[in-house]
Each structure stands twice: as C-alpha cells, then as structure tokens.
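The sequence and the structure come first.

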Amino acid sequence: MRLERGDLDDPALVALLEGHLTELRALSPPESTHALDVDALRAPGIEVWVVRDGTSLLGCAALAPLTLDGTDAGELKSMRTVASARGRGVGALLVGRLVERARKRGLGGLWLETGSEEFFAPARRLYARAGFVECGPFGSYRPDPLSTFMTLPLVGDRSR
C-alpha cells in the first residue's frame with residue numbers, strides 16, 4: 001500500500017467520494033450530514049490524500065484548514081475506505097498522514113465530526129486509537145445527537 005496526494009480529477013477518487021456522500025445522506029438527515037463534495041474539497045488549503053494498492057484506490061481523507069479562537073488548526077474530512085479494504089490499516093495510514101501533515105504545518109490541533117450511530121463505531125475506534133478524544137461542537141457545528149466531535153491536540157493543551 002502506498003500513500004499519495006489525491007487528484008480530484010481522478011475518476012476513481014471522484015466515484016469514491018460521491019459514493020461516500022450518497023451513503024452518508026442515506027444514513028443521516030441533511031442537517032446531520034457534514035461531508036464535503038468534490039467541489040468543496042477543491043477549496044484553497046485542503047489537502048486530499050489517498051491510499052492505493054497497485055492501481056486500486058483503497059481510501060481517501062482530507063485535511064482542511066480551520067481557525068479556532070485565533071489558532072490555526074485542521075479538520076479531518078472525507079475519510080473513507082472502500083468496503084473490500086476495511087480492516088487492512090488503510091484508515092490508520094490516512095489518519096497518520098494527516099496528523100503528520102498537521103504537525104508539519106504547525107497546527108495547534110486536529111478536529112473532526114463523525115456519526116454517533118453504530119455504523120460509525122469503527123471510525124470512532126480508529127480515531128480514538130490515534131489519540132483523538134471526544135469534545136463538544138467546534139467551529140460552525142452545533143450540538144447534534146447524530147454527531148460525535150473529537151479532537152487531537154498537537155501543540156500544548158488545546159483540547160476543548
């Protein structure tokens with residue numbers, strides 16, 4: 001498996017992201033679905049990373065810029081592993097790369113929103129293994145029983 005920057009013009013990546021949105025919209029109401037579409041992922045400052053095995057795309061994740069209380073931080077977005085590759089460490093590779101990139105950029109911490117339903121339990125366990133802890137809503141998010149918010153402080157103690 002290899003990690004590389006994602007190309008948002010790659011049809012396989014576009015299909016993976018579109019499938020991600022479709023599934024999330026089927027699981028949660030619109031006000032509880034916070035995934036970014038391909039056009040939103042093209043915004044300045046967003047890094048998209050993928051994992052491949054040969055020519056097969058196994059997963060993706062994005063690091064989006066975030067400012068909280070005047071501090072530069074990052075938000076983990078668009079985390080997805082193809083069903084056939086789950087349990088092979090794809091998610092851990094992606095999270096590890098985003099943490100590495102956030103540290104390299106000098107960000108104060110990483111934040112994420114994921115679902116609270118059972119479907120999202122593997123993702124919450126992955127994030128917890130990487131050191132993320134649950135927190136309250138951040139940025140423009142509001143309390144939502146269908147959302148779990150998590151953070152990973154990177155510089156000092158910036159947990160919320």
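Which backbone oxygen lies 2.6 Å from a polar atom of the side chain of K77? The backbone oxygen of H34 does, a polar contact in the sense of a pair of N or O atoms within 3.5 Å, of which, within protein, one must be able to donate a hydrogen and the other to accept it, while residues adjacent in sequence count only if both atoms are side-chain atoms. The model is a predicted one, in which local features need pLDDT of at least 70 and side-chain atom pairs count only at pLDDT 80 or more, whereas totals for chains, interfaces and linings use all residues. Residues are numbered from 1 along each chain as its sequence is written, and side-chain values use heavy atoms, with hydrogens and water left out.

K77 lies in strand β4, where helices (H or I, at least four residues) and strands (E, at least two) are DSSP runs numbered from the N terminus. With a relative accessibility of 9%, K77 counts as buried, a term that means under 20% relative accessible area, as against over 50% for exposed and partly exposed in between, with a 1.4 Å probe and protein chains only. Leaving aside residues up to four places away in sequence, K77 touches H34, L36, A61, A62, A64 and Y141, contact meaning heavy atoms within 4.5 Å.

| Helix | Buried residues | Elements packed against them |
| α4 | A121, R124, L126, Y127 | β4, α3 (90–104), β5 (109–115), β7 (147–153) |

Helix α4 covers residues 121–129, and after α4 comes G131, with a positive phi near 105°.

Among the aromatic residues, W111, F138, Y141 and F149 form one cluster; Y141 is also one of the residues that K77 touches. R97 lies over the face of W49, at 4.7 Å from the ring centre, the criterion being NZ of Lys or CZ of Arg within 6 Å of the ring centre and within 35 degrees of the ring normal.

Note on methods: Rings of Phe, Tyr and Trp (its six-membered ring) pair if their centres lie within 6.5 Å; planes under 30 degrees apart count as stacked, over 60 as edge-to-face and the rest as tilted.
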